[in-house]
Amino acid sequence: WIDVRVPSEYEDDNLGGLNFPLESLAIHYKKIPNDQFIVLYCQYGQRSKKALSFLKEKGFTKIAHLKGGLSLIEE
């Protein structure tokens, strides 16, 4: 699991995954393992969708995003 929200959002609530904010993903994407299945998420699914497109362009194939984001699973 990779959370692409900003650190303050991640600190408030997260699924226990890594935090690579969308704004810095271009710098840090090489730290993401390309041999494991990755699920990206954010609050509403828009940032994770952008991150998904970016990482696919970089050659990631075992990757998906949580459509609708955390807003779908919060009470």
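Visitor: How many salt bridges does a search of the whole structure find?

Guide: Side chains of opposite charge can pair when their charged atoms come close. The term salt bridge is used here for a side-chain nitrogen of Lys or Arg within 4 Å of a carboxyl oxygen of Asp or Glu. The search of the whole structure finds two. This is a predicted model, in which local features need pLDDT of at least 70 and side-chain atom pairs count only at pLDDT 80 or more, while totals for chains, interfaces and linings use all residues. Residues are numbered from 1 along each chain as its sequence is written, and side-chain values use heavy atoms, with hydrogens and water left out.

Visitor: Which side chains meet in these salt bridges?

Guide: In one, R5 meets D3 at 2.7 Å, N to O. In the other, E9 meets R47 at 2.8 Å, N to O. E9 belongs to helix α1 (residues 7-12) and R47 to helix α3, so this pair ties together parts that are 38 residues apart in sequence. Helices (H or I, at least four residues) and strands (E, at least two) are DSSP runs, numbered from the N terminus.

Visitor: Are R5 and D3 buried or exposed?

Guide: Buried means under 20% relative accessible area, exposed means over 50%, and partly exposed lies in between, with a 1.4 Å probe and protein chains only. R5 counts as buried because its relative accessibility is 2%; D3, at 0%, also counts as buried. E9 counts as partly exposed at 21%, and R47 is likewise partly exposed at 21%. Over the protein chain, buried residues make up 36% of the 75 residues.

Visitor: In what order do the strands stand in the sheet?

Guide: Strands of a sheet pair through backbone hydrogen bonds, either parallel or antiparallel. Two strands are taken as paired if DSSP finds at least two bridges between them. Here four strands form an open sheet in the order β2-β1-β3-β4, with parallel pairing. β2 (18-19) and β4 stand at the edges with a single partner strand each, so one side of each has no neighbour in the sheet.

Visitor: Which strands does β3 pair with?

Guide: Strand β1 (residues 2-3) pairs with β3 in the parallel sense over two bridges, and D3 has Y41 as its bridge partner in β3. Three bridges join β3 to β4, and these strands also run parallel; there, L40 stands opposite H65 of β4. Both faces of β3 (residues 38-41) are covered, with I38 and L40 buried on one side and V39 and Y41 buried on the other.

Visitor: What is the handedness of the unit that β3 makes with helix α3 and β4?

Guide: A crossover is right-handed if, with the strands pointing away from the viewer, the path from the first strand over the helix to the second runs clockwise. β3, helix α3 (residues 46-57) and β4 make a right-handed β-α-β unit. Along the protein chain from the N terminus, the elements run β-α-β-α-β-α-β.

Visitor: Which residues make the nonpolar surface patch?

Guide: Patches consist of residues with over 30% relative accessible area and no salt bridge; like charges are joined within 9 Å, and nonpolar side chains (Val, Leu, Ile, Met, Phe, Trp, Tyr) within 5 Å. W1, L15, L72 and I73 make a nonpolar surface patch of about 430 Å². L72 is found in the segment after β4 (63-65), and counts as exposed at 60% relative accessibility.

Methods. Accessible areas come from the Shrake-Rupley method with a 1.4 Å probe; for residues, only the protein chains shown count as cover.
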